[in-house]
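Please look through the structure below before reading on. The paragraphs after it go from the overall fold to particular residues.

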Amino acid sequence: MSTTDAGDPSAADIAKGFADGREESLAEAYRRWSGLVYTLALRSVNDRGDAEEITQQVFVSAWRGRAGFDPETGTLGSWLVGVARHRIADHHAARTRHRRNVEAVIPAAAVSSGDEDRLVDRVVLADELDRLDDPRRTILKLAFYEDQTYSQIAEQLDLPLGTVKSHVRRGLLYLRTRLKEVTGDAS
């Protein structure tokens, strides 16, 4: 491993070690580029806590996806910035979904007629959701209670993205069927 004048490994050495799966290179990459990633995230989301979380997600994602990084085609710093842009976009998408969900719930709460039916539907759905087997139950809860993207869920549960999408689709179909059976709604 070559080093710079200060005794630190060069960016090329860190990139090669990172691609080879050496944990000390991950630590060095974090030391060298986490400030840049944090700054990008903070400027975009304007929240220190969210920026710290995004920074952590970037390095976890990068480490898990290091097979997709080729030190011969680009620098590790540039690749990490690309990963950061995706995580920041995911964060904004989740924030938008959350805002839409809150806006959708507020008018429903203000309407008094039909509140009882909605409450029954929510209780039935929560009960049926708890009856689902894992990982489907966990995937649906992450998607709809925690507003995580399918990609984030796949990464968190270490499942292929297509598997997550299949579980969500089948889970929603099951819940719709159960809701119709319980409420007697044939539509």
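How many helices and how many strands are there in the chain? The chain has eight helices and zero strands. Here helices (H or I, at least four residues) and strands (E, at least two) are DSSP runs, numbered from the N terminus. Along the sequence, the pattern reads α-α-α-α-α-α-α-α. This is a predicted model, in which local features need pLDDT of at least 70, side-chain atom pairs count only at pLDDT 80 or more, and totals for chains, interfaces and linings use all residues. Residues are numbered from 1 along each chain as its sequence is written, and side-chain values use heavy atoms, with hydrogens and water left out.

Next comes burial. A residue is buried under 20% relative accessible area, exposed over 50%, and partly exposed in between (1.4 Å probe, protein chains only). Of the chain's 187 residues, 30% count as buried. Helix α7 (residues 150–157) includes the buried residues Q152, I153 and A154. Just after α7, D158 has a positive phi of about 60°.

Now to the aromatic rings. Rings of Phe, Tyr and Trp (its six-membered ring) pair if their centres lie within 6.5 Å; planes under 30 degrees apart count as stacked, over 60 as edge-to-face and the rest as tilted. By this rule there are five aromatic pairs. One of them joins F18 and W79 edge-to-face, at 6.2 Å centre to centre and 65° between the planes. This pair links distant parts of the chain, since F18 lies in helix α1 (residues 11–20) and W79 in helix α4 (residues 76–110), 61 residues apart. F18 counts as buried because its relative accessibility is 0%, whereas W79 is partly exposed because its relative accessible area is 22%.

Y30 and F59 form another edge-to-face aromatic pair, with 4.9 Å centre to centre and 70° between the planes. The pair links distant parts of the chain: Y30 is in helix α2 (residues 23–45) and F59 in helix α3 (residues 48–64), 29 residues apart. Y30, at 41% relative accessibility, counts as partly exposed, and F59, at 5%, counts as buried. F18 and W79 also belong to one aromatic cluster, together with W63 and F69.

The last topic is surface charge. Which residues form a positive surface patch? The patch is formed by R169, R170, R176 and K180. Patches are made of residues with over 30% relative accessible area and no salt bridge, with like charges joined within 9 Å and nonpolar side chains (Val, Leu, Ile, Met, Phe, Trp, Tyr) within 5 Å. A salt bridge is a side-chain nitrogen of Lys or Arg within 4 Å of a carboxyl oxygen of Asp or Glu. R170 is located in helix α8 (residues 161–183).

Methods: Accessible areas come from the Shrake-Rupley method with a 1.4 Å probe; for residues, only the protein chains shown count as cover. Lys and Arg count as positive and Asp and Glu as negative; His and the chain ends are not counted. The place of a charge is taken as NZ of Lys, CZ of Arg, CG of Asp or CD of Glu.
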